[in-house]
Amino acid sequence: MIVRILGEGQFRLDDDSSAKLTVLDKDVDAAVHAGDEAVFKMALGAAVKLVRETGAPVPDDEFVTADYILPFSDATIDEVRKLLTDGTIHSDPTAP
Amino acid sequence: MSVMKRVSLIFRAKADKALDRMEDPRETLDYSYKQQVEMLTRVRRGVADVATSRKRVELQMTSLQKEITKRTTQAKTALEQGREDLARAALQARGQLEQQYDDLQGQYTQLQDQEEKLTLASQRLDAKVQAFRTRKETIKATYTAAEAQTRINEAFSGISEDMGDVGLAIQRAEDKTAQMQARAGAIDELLASGALEDHVGGGSDYIQAELDKLGATVGVDDQLEAMKREIANNAPKQLEANGDGSAATSADVPAAQQPQAGDGA
């Protein structure tokens, strides 16, 4: 599975790590829903750590889209919510 | 659906939308490449902007540090002169400056962090754009428009995600820089108007004014004291001492050689 950490690029994860990430993803999700910043930070931190440590960076000349995109490692719940509403991707690179 | 999955779908939807607008698939490659080059310029400018902000904060920290040192000196001087009230005021002023300094320190670290991240993002995008350019030419040379479609879509979607990522990183850095600039502007004004110094007393640095006054008074008082001592010491030996008027010198004169000329002692 391909995972991107915003601000850090893409990583390729094996099945074992992918399964672990899926579990952490649920924690991140629950924390965002509950608005629990502390839990969110912990869950996101664990997810980012897992991807950085077990994932292999995708080479520059390989063009793939990610199955999962993790927010910036120091993101807040507010930022994630904004990202999810319209993807406050202010700078939409694909816009005309 | 999970957060991470949803974010990835948002990115993909944006790329798909842009792809749909293209009629000739090959056009997509050139169009995308042009945008990538623009994005590279933007991210490099972003790095420069953050660096400028960081340097500004750095200068302000130096100014504040000077003020802090000045307040410390004032407090010591005031205490030496027995003016605890002034010392207290100086220390209070210093406390406020220190708070501002700590605040700036935090901002400085954040800016450094942003600068580092944006620099890395710029390098990553640069490498990706170079690879895209090569891929673009290969696709154009090797495949017919129809054959090329899948490969183009892959490359386009892939790099779109990178551009979205970098775009967000720039946005973040810009937000951070804007916040810092607003604060930095306020601190510049405070430093310039001396308002930071005026928080405690009235007027512009009244502590220093008081200390200066005190310094002048103390100088006169000291001189008066010295003269009084001199006079008291010399009283019995005025004639000898008369020569150089120095109490110390007169004290050095052996007692045996003292007054012969009945000075009324």
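Predicted model: local features only at pLDDT ≥ 70, side-chain atom pairs only at ≥ 80, totals over all residues.
Ala, Val, Leu, Ile, Met, Phe, Trp, Tyr, Cys and Pro count here as nonpolar, Asp, Glu, Lys and Arg as charged, and the others, Gly among them, as polar.

Stop 1: Now colour by element: strand 2 (9-12) of chain A, helix 3 of chain B and helix 4 of chain B each supply at least two lining residues. Helix 3 of chain B gives the most, with four residues.

**Stop 2: the strands of chain A.** Strand 1 (residues 2-5) of chain A pairs with strand 2 in the antiparallel sense, over four bridges. Pick Ile2(A) and you will find Arg12(A) opposite, in strand 2. The hairpin of these two strands has three residues between them, and Gly7(A) takes a positive phi near 85° there. Stay on Arg12(A) and look across to strand 3 of chain A, where Ala56(A) stands opposite. Strand 2 and strand 3 (residues 56-57) run antiparallel and are joined by two bridges.

**Stop 3: the largest pocket.** Next, select Phe72(A), Glu79(A), Arg172(B), Asp175(B) and Lys176(B), which lie nearest the centre of the largest pocket, out of 22 lining residues. Helix 3 (77-85) of chain A gives two or more residues to this lining, as do helix 3 (84-142) and helix 4 (145-193) of chain B. The pocket's volume is about 480 Å³. Which element gives the largest share of the lining? Helix 4 of chain B does, with six residues. The lining as a whole holds seven nonpolar, seven polar and eight charged residues.

**Stop 4: Arg172(B).** Zoom in on this residue of helix 4 of chain B. Is Arg172(B) buried or exposed? Its relative accessible area is 13%, under the 20% cut-off, so Arg172(B) counts as buried. Leaving aside neighbours within four places in sequence, show its contacts: Phe72(A), Asp74(A), Ala75(A), Glu79(A) and Gln114(B).

**Stop 5: helix 1 of chain B.** Finish by selecting residues 3-20 of chain B. An α-helix has 3.6 residues a turn, so residues three or four places apart point the same way.

Methods. Residues numbered from 1 in each chain as written. Chains lettered and ligands numbered in written order. Heavy atoms only, no water. 1 Å grid on protein atoms, 1.4 Å probe; cavity = no way out; pocket = protein on both sides within 12 Å on 5 of 7 lines; lining within 4 Å. Points joined across faces, edges and corners; volume = space filled by probe spheres on them. Expected span 1.5 Å × (residues − 1). Buried < 20%, exposed > 50% of the residue type's maximum accessible area, 1.4 Å probe, protein only. Contact = heavy atoms within 4.5 Å. Pairing = 2+ DSSP bridges.
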